[in-house]
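Biologist: I'm new to this one. Can you walk me through it?
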Amino acid sequence: MIKHIVFFRLQDEAEGHTKLENAQIIKEGLLSLREKIDVLVSEEVGINIPNAKKTDYDVCLICEFRTWEDLDTYQNHPEHLKVAGYIAKVRAARAAVDYEY
C-alpha cells in the first residue's frame, strides 16, 4: 500500500474567500474525488483548529493507494487536477510525503 500525505498552508485571503472558507472548499473538493477516481482506496481531509500557531499548516490530506501507478493515476486525473488548480491559487505553502507500507 502507498500512503500519500499532503499539508497545505493557505493564504489569509484568496479568490474572494477567507482562509477558513478556502479550507472548507478544498476539503469538499478533495472528498468529492472519492466517487470520481476509483484507484483511491481511502481518503481523509482535516482542517486545523482556527487558533493554531501561524507556523502550522491549515489543511491535511491523507490518501491510500494500492500501487505507485495508482497514485500517479490519481495525481494526473482531470478531476484531481481541477481541485489541485484551485489549491494552487489559494495556498501559501505545500509539503508532502509518499511512502510504501
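Biologist: Where does Ala-93 lie?
Modeller: First, a caution: this is a predicted model. Ala-93 lies in strand S6, which covers residues 91–100.

Biologist: What is Ala-93 in contact with, leaving aside its neighbours within four places in sequence?
Modeller: Phe-7, Phe-8, Arg-9 and Tyr-57.

Biologist: And how far apart in space are Ala-93 and Tyr-74, C-alpha to C-alpha?
Modeller: They are 21 Å apart. In sequence, 19 residues separate Ala-93 from Tyr-74.

Biologist: How does Tyr-99 count by accessibility?
Modeller: Tyr-99 has 33% relative accessibility, so it counts as partly exposed.

Biologist: Which residues does Tyr-99 contact, leaving aside neighbours within four places in sequence?
Modeller: Met-1, Ile-2, Lys-3, Ile-5 and Trp-68.

Biologist: Switching to helices. How do H1 and H3 pack?
Modeller: H1 is residues 19–31 and H3 is residues 78–90. They pack at an angle of about 165°, and their axes are 10 Å apart. An angle over 145 counts as roughly antiparallel. Therefore H1 and H3 are roughly antiparallel to each other.

Biologist: Is the crossing of H1 and H3 left-handed or right-handed?
Modeller: Left-handed.

Biologist: Which residues meet there, between H1 and H3?
Modeller: From H1, Asn-22, Ile-25, Ile-26, Gly-29 and Leu-30. From H3, Val-83, Tyr-86, Ile-87 and Val-90. By class, the contact of H1 with H3 has seven nonpolar residues, two polar and no charged ones.

Biologist: What about H2 and H3, at what angle do their axes cross?
Modeller: Roughly 60°, and the axes of H2 and H3 come within 5 Å. H2 and H3 are therefore oblique to each other.

Biologist: Who meets whom between H2 and H3, and which classes are they?
Modeller: Tyr-74, Gln-75 and Asn-76 in H2 meet Pro-78, His-80 and Leu-81 in H3. That contact of H2 with H3 divides into three nonpolar, three polar and no charged residues.

Biologist: Now the inside. How many residues are in the largest nonpolar core?
Modeller: The largest nonpolar core has 22 residues. Leu-30, Phe-65 and Tyr-74 have the most contacts inside it. Elements giving two or more residues to this core are strand S1 (2–10), H1, strand S5 (59–65), helix H2 (68–76) and H3.

Biologist: What does Phe-65 contact, leaving aside neighbours within four places in sequence?
Modeller: Met-1, Ile-2, His-4, Val-39, Leu-40, Val-41, Asp-70, Leu-71 and Tyr-74.

Biologist: Where does Leu-33 lie?
Modeller: In the loop between H1 and strand S4, which is 42–47.

Biologist: Is Leu-33 buried or exposed?
Modeller: Buried, because Leu-33 has 0% relative accessibility. Leaving aside neighbours within four places in sequence, Leu-33 is in contact with Leu-40, Tyr-74, Glu-79, His-80 and Val-83. The C-alpha atoms of Leu-33 and His-77 are separated by 9.7 Å, though the two are 44 residues apart along the chain.

Biologist: Another loop, then. Where is Arg-66 found, and is it buried or exposed?
Modeller: Arg-66 sits in the loop between S5 and H2. With a relative accessible area of 55%, Arg-66 is exposed.

Biologist: Which residues does Arg-66 touch, not counting those up to four places away in sequence?
Modeller: Met-1, Ile-2 and Val-41. Arg-66 and Ile-2 are 64 residues apart along the chain, yet their C-alpha atoms are separated by 6.0 Å.

Biologist: Last topic, backbone angles. What is the phi of Glu-15?
Modeller: Glu-15 has a positive phi of about 55°, although it is not a glycine. Most residues other than glycine have a negative phi.

Biologist: Where is Glu-15 found?
Modeller: In the loop between strand S2 (13–14) and strand S3 (17–18). Glu-15 is partly exposed, with a relative accessible area of 45%.

Key
Residues are numbered from 1 along each chain as its sequence is written. This is a predicted model: local features need pLDDT of at least 70, side-chain atom pairs count only at pLDDT 80 or more; totals for chains, interfaces and linings use all residues. Side-chain values use heavy atoms; hydrogens and water are left out. Axes are lines fitted to C-alpha atoms, for helices over the stretch in contact, and angles run from 0 to 180 degrees between N-to-C directions. Helices (H or I, at least four residues) and strands (E, at least two) are DSSP runs, numbered from the N terminus. Angles under 35 degrees count as roughly parallel, over 145 as roughly antiparallel, 65 to 115 as roughly perpendicular and the rest as oblique. A crossing is left-handed if the near helix is turned anticlockwise from the far one by less than a right angle, and right-handed if clockwise. Contact means heavy atoms within 4.5 Å. Ala, Val, Leu, Ile, Met, Phe, Trp, Tyr, Cys and Pro count as nonpolar, Asp, Glu, Lys and Arg as charged, and the others, Gly among them, as polar. Buried means under 20% relative accessible area, exposed over 50%, partly exposed in between (1.4 Å probe, protein chains only). A nonpolar core is a set of buried Ala, Val, Leu, Ile, Met, Phe, Trp, Tyr and Cys residues joined through side-chain atoms within 4.5 Å.
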